[in-house]
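Please check each point against the structure as you go.

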Amino acid sequence: MSTTTTRSVELVELGKFFAITAHRFDTGQSAPEMFSAAIDAVWHQLAEDSQAHTAFTERHAGREIVHAETSGRGFVAWVTAYEEAYGPLPAIWFTDGNGAVDTAALTAYRETGRVVAEWKCSPAPGDGDGNTPAKTAR
């Protein structure tokens, strides 16, 4: 996140991630794994301002989404939904908090279409019950 441009790319991707999150919650699937340290760092910055964070998640997911500390390693199942909606994952998804791209992981993804990664957090519904419905327009 050395420049505003980089931050905006990360925010765009975070918005897409929240849209995927909402779809997964709406269809009874588990929360998607946040495997990008670069995008997660922007999420942490956004979460420092609770009003801005809530507005951002409501704009992109139709509801409040919160940051939940979780950890794991394995196949990242939501990538196919992302690709169907937005195309291939950009390199920022394979970038650490210092801006270094994991070229081996990015190459493996480009060759196989699969992501196997570690994660330290995932989104959770704002009310904590796992069943937060999307807000309806009035």
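1. In which helix does Val42 lie? Val42 lies in helix H2, where helices (H or I, at least four residues) and strands (E, at least two) are DSSP runs numbered from the N terminus. Val42 is buried, with a relative accessible area of 0%; buried here means under 20% relative accessible area, exposed means over 50%, and partly exposed falls in between, with a 1.4 Å probe and protein chains only. Although Val42 and Gly97 are 55 residues apart in sequence, their C-alpha atoms are 9.2 Å apart in space.

2. On the basis of the work, this is a predicted model, in which local features need pLDDT of at least 70 and side-chain atom pairs count only at pLDDT 80 or more, while totals for chains, interfaces and linings use all residues. Residues are numbered from 1 along each chain as its sequence is written, and side-chain values use heavy atoms, with hydrogens and water left out.

3. On confidence, the protein chain averages a pLDDT (the predictor's confidence in each residue, from 0 to 100) of 88, and 87% of the residues score at least 70. Over residues 1-6 the pLDDT is below 50, and this stretch has 5 contacts in the model beyond near neighbours in sequence, a contact being heavy atoms within 4.5 Å. The pLDDT is also below 50 over residues 128-138, a stretch with 12 contacts beyond near neighbours in sequence.

4. On the overall arrangement, the protein chain has 5 helices and 2 strands, which follow the pattern α-α-α-β-α-α-β when read along the sequence. Of the 138 residues in the protein chain, 38% are buried. Among contacts with a separation of 6 or more, 75% are accounted for by residues 24 or more positions apart.

5. On the strands, S1 (residues 65-75) and S2 run antiparallel and are joined by 9 bridges, two strands being paired if DSSP finds at least two bridges between them. Within this pairing, Val66 stands opposite Ala124 in S2. Because 7 of the 10 residues of S2 are buried, this strand is largely enclosed by the rest of the structure.

6. On the largest pocket, about 400 Å³ of space lies within it. A pocket is defined on a 1 Å grid over the protein atoms alone, as an open set of points where a 1.4 Å probe fits, with protein on both sides within 12 Å along at least five of seven lines; lining residues have an atom within 4 Å of a point. Grid points are joined across faces, edges and corners, and the volume is the space filled by probe spheres set on the points.

7. Which residues lie nearest the centre of the largest pocket? Of the 19 residues that line the pocket, these are Phe35, Ser36, Ala37, Thr95 and Glu118. Helix H2 (37-47) and strand S2 (116-125) are the elements that give two or more residues to the lining, and the largest share, 5 residues, comes from S2. The lining divides into 12 nonpolar, 2 polar and 5 charged residues, where Ala, Val, Leu, Ile, Met, Phe, Trp, Tyr, Cys and Pro count as nonpolar, Asp, Glu, Lys and Arg as charged, and the others, Gly among them, as polar.

8. On Val76, this residue lies in the loop between S1 and helix H4 (79-86) and is buried, with a relative accessible area of 0%. Not counting residues up to four places away in sequence, Val76 touches Glu33, Phe35, Val115, Ala117 and Trp119. Val76 and Glu33 are 43 residues apart in sequence, and 6.7 Å apart in space from C-alpha to C-alpha.
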